[in-house]
Amino acid sequence: MPIEAMRTPLLAGNWKMHCNAAEARALASAIAEGTAGLAGREVLVAPAFTALVATAEALAGTTVRLGAQDCYWEDHGAFTGEISPSMLVDAGCTYVIIGHSERRQHFGETDYTVAKKVAAAHEYGLKPIVCVGESLEQRESGKALEVVEKQVRHGLVELPEDGMATLVVAYEPVWAIGTGKVATTEQAQEVHAHIRAVLQSFMPQGMSDRARILYGGSVKPDNVDELMACPDIDGALVGGASLKAESFVRIARFEEN
Ligand code: PGA
């Protein structure tokens with residue numbers, strides 16, 4: 001069996017700050033309908049906090065998973081405005097996106113906070129999707145691999161060994177997010193292979209072959225097949241194209257060629 005066959009592809013929709021509860025319910029239902037019976041892959045949607053419960057209700061009895069877009073690392077307490085991992089579990093989440101570049105850019109997220117959130121998410125039974133990726137300037141100065149390696153090493157420093165088996169990393173070059181500029185398959189595969197090598201350097205034997213590495217940044221129906229054909233690309237984290245059921249369903253129905 002090829003190594004990549006051990007990894008179930010994950011197609012995740014990051015709805016960002018879109019969709020009220022009624023819109024989320026309708027979108028989730030349409031995605032569930034369009035992906036029903038689809039074997040050999042996992043499909044996930046991550047709505048805003050306020051739409052989590054409505055989305056969970058719409059997804060009940062389907063195979064589509066629910067995730068959140070962020071969490072805090074404490075379980076409860078005087079942390080106005082924050083949401084804990086256990087609250088996300090309570091709302092029906094099984095995954096949580098951590099360290100998205102928009103949170104790093106606009107909300108002061110750092111590798112330090114990412115590391116704390118990743119460990120807390122795991123402790124409460126959520127699977128973290130840890131986002132990494134270089135800026136355009138960093139890519140142009142030849143630092144992409146170095147930047148991504150540092151984010152991976154520092155972001156995972158508090159994750160215990162038993163959390164590594166279910167780890168998902170999302171490589172999202174900042175210059176490709178929401179810009180329509182997708183990384184070439186060569187650029188993406190190069191970084192994904194490097195991330196896997198970095199994981200291999202500190203994970204127990206064989207485990208880095210099981211960790212899934214998603215690509216994100218302008219994934220669309222017309223580029224997903226090519227991206228998914230790369231040996232180290234195990235899924236996609238999709239923003240804009242996940243807000244329309246038709247395009248996200250097509251992405252989830254990718255064909256490896
Ligand atoms: P995009 O966003 O697909 O709209 O580029 C991806 C992301 O930010 O996760």
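At what angle do helix α1 and helix α11 pack, and how far apart are their axes? In this predicted model, helix α1, residues 21-35, packs against helix α11, residues 245-252, at an angle of about 35°, and the two axes are 9 Å apart. The crossing of α1 and α11 is right-handed. On the α1 side, the contact is formed by L27, A30, I31, G34 and T35, while α11 contributes A245, F248, V249 and A252. Sorted by class, this contact of α1 with α11 comprises seven nonpolar and two polar residues, with no charged residues.

Helix α5, residues 111-123, and helix α7, residues 144-155, have axes that come within 8 Å and cross at roughly 45°. Because of that angle, α5 is oblique to α7. Here D111, V114, A115 and V118 of α5 meet K150, Q151, H154 and G155 of α7. The contact of α5 with α7 has three nonpolar, three polar and two charged residues.

How many cavities of 30 Å³ or more does the structure hold? It holds one, and the volume of the largest cavity is about 40 Å³. Its lining consists of G99, S101, R104, C131, V132, G133, Q151, E172 and V174. Helix α4 (101-106) and strand β5 (127-132) each provide at least two of the lining residues. By class, the lining has three nonpolar, four polar and two charged residues.

Thank you for your attention.

How values were computed
Residues are numbered from 1 along each chain as its sequence is written. This is a predicted model: local features need pLDDT of at least 70, side-chain atom pairs count only at pLDDT 80 or more; totals for chains, interfaces and linings use all residues. Side-chain values use heavy atoms; hydrogens and water are left out. On a 1 Å grid over the protein atoms alone, a cavity is a set of points where a 1.4 Å probe fits but cannot get out, and a pocket is an open set with protein on both sides within 12 Å along at least five of seven lines; lining residues have an atom within 4 Å of a point. Grid points are joined across faces, edges and corners, and a volume is the space filled by probe spheres set on the points. Helices (H or I, at least four residues) and strands (E, at least two) are DSSP runs, numbered from the N terminus. Ala, Val, Leu, Ile, Met, Phe, Trp, Tyr, Cys and Pro count as nonpolar, Asp, Glu, Lys and Arg as charged, and the others, Gly among them, as polar. Axes are lines fitted to C-alpha atoms, for helices over the stretch in contact, and angles run from 0 to 180 degrees between N-to-C directions. Angles under 35 degrees count as roughly parallel, over 145 as roughly antiparallel, 65 to 115 as roughly perpendicular and the rest as oblique. Contact means heavy atoms within 4.5 Å. A crossing is left-handed if the near helix is turned anticlockwise from the far one by less than a right angle, and right-handed if clockwise.
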